[in-house]
Amino acid sequence: MFGKDFWDERYRSKPRVWSGAPNPQLVAEAASLRPGRALDAGCGEGADAIWLASRGWTVLATDISGVALDRAGQHARDTDPAAAARIEWRQADLRVSVPEPDAFDLVSAQFIQLPPELRSPLFGALAASVRAGGTLLIVGHHPSDLAAGVPRPQLPEVFYTPEEIAALLAGPWDVGVCEARPRQQQLPDGGPVTVHDTVLLATRRA
Ligand SMILES: C[S@@+](CC[C@H](N)C(=O)[O-])C[C@H]1O[C@@H](n2cnc3c(N)ncnc32)[C@H](O)[C@@H]1O
């Protein structure tokens, strides 16, 4: 379930899978950063990449799913052609296609949920792709969500704490945020529930 066919099928199953809005933790953490070159790893339908590009970032947006990328590119061209011109959409399996090292001022990975033997090398490679002075932002579903009554894949191994991700950082980093951040979400029946996002923000020392 972690490969291209799974994700292409997931995206084909609905005209739109995600909200179309940028992820709240990206907006909270990246709004104050000076635009440069960004990598959106696992960009899905592209809302984060479009938001970054609309703020002046040049974005490499990668995803394993070509179906998601076609949709993301169309959404960008329809909603913000100027931003669309600053985004390169690239199909890549980040487990095997490692991003260029020391190449990005911001690397953002939002809700890539993989078991530890896959996510540790993947997140390690994402960290290595941040240039000196740049920012790494990893956001994911916190393990406490498994008991929150919210629909989540019943695969405990794909959930992670911010401390587990911080422990993967090799070399000189300043960790600015390492927390389980609460967020309100709606249950399928419309009722409110508090979920927690793992948020790890670190700056690579120059
Ligand atoms: C839960 S979705 C999140 C999408 C987007 N980041 C967002 O927050 O709206 C996870 C995304 O990661 C992508 N993905 C999963 N495994 C991947 C891999 N090995 N390489 C690249 N992308 C991957 C999926 O296709 C999917 O679009």
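This is a short exchange about how terms apply to the structure above.

Trainee: What kind of model is this, and how are residues numbered?
Mentor: It is a predicted model: local features need pLDDT of at least 70, side-chain atom pairs count only at pLDDT 80 or more, and totals for chains, interfaces and linings use all residues. Residues are numbered from 1 along each chain as its sequence is written.

Trainee: Why is Asp105 called buried?
Mentor: A residue is buried if 20 or more other C-beta atoms, placed from the backbone, lie within 10 Å of its own; 12 or fewer makes it exposed, and anything in between partly exposed. Asp105 has 20 C-beta neighbours inside 10 Å, so it counts as buried.

Trainee: Which residues are in contact with Asp105, beyond its neighbours within four places in sequence?
Mentor: Contact requires C-beta atoms, placed from the backbone, within 7 Å. By that test Asp105 touches Gly36, Arg37, Ala38, Arg131, Gly134 and Thr135. Arg204 is 99 residues away along the chain, and its C-alpha atom is 9.5 Å from that of Asp105.

Trainee: Where does Asp105 lie?
Mentor: In strand β4, residues 104-110. Strands here are DSSP runs of E with at least two residues; helices are runs of H or I with at least four; both are numbered from the N terminus.

Trainee: What makes β4 mostly covered?
Mentor: Seven of its seven residues are buried.

Trainee: How do you know that β4 pairs with β1 and with β5?
Mentor: Two strands pair if DSSP finds at least two bridges between them. β1 (residues 37-41) and β4 are joined by four bridges and run parallel. Ala38 stands opposite Leu106 in β4. β4 and β5 (residues 130-141) share six bridges, again parallel. There, Phe104 has Val130 as its bridge partner.

Trainee: What is the strand order of the open sheet?
Mentor: Seven strands run β3-β2-β1-β4-β5-β7-β6, with mixed pairing.

Trainee: Why are β3 and β6 called edge strands?
Mentor: β3 (87-91) and β6 (173-186) each pair on one side only. The twist averages 15° from one strand to the next. β3 pairs with β2 (residues 58-63) in the parallel sense over five bridges. Leu60 has Glu88 of β3 as its bridge partner.

Trainee: Why are α1 and α4 called oblique?
Mentor: Axes are lines fitted to C-alpha atoms, for helices over the stretch in contact; angles run from 0 to 180 degrees between N-to-C directions. Under 35 degrees is roughly parallel, over 145 roughly antiparallel, 65 to 115 roughly perpendicular, and the rest oblique. Helix α1 (residues 4-12) packs on α4 at about 45°, with axes 7 Å apart. The pair is therefore oblique. Trp7, Asp8, Tyr11 and Arg12 of α1 meet Gly66, Val67, Ala68 and Arg71 of α4.

Trainee: What does α4 lie across?
Mentor: Helix α4 (residues 66-79) lies across β2 and β3, at about 165° to β3.

Trainee: What makes α3 largely enclosed?
Mentor: Seven of the eight residues of α3 (residues 47-54) are buried, so the rest of the structure largely encloses it. Among them are Trp51 and Leu52. Gly56 follows α3, with a positive phi near 105°.

Trainee: Which residues are closest to the ligand?
Mentor: Near means a C-beta atom, placed from the backbone, within 6 Å. There are 19 residues around the ligand; Trp7, Gly42, Gly44, Ile64 and Leu94 are the closest.

Technical notes. Two residues are in contact if their C-beta atoms, placed from the backbone, lie within 7 Å.
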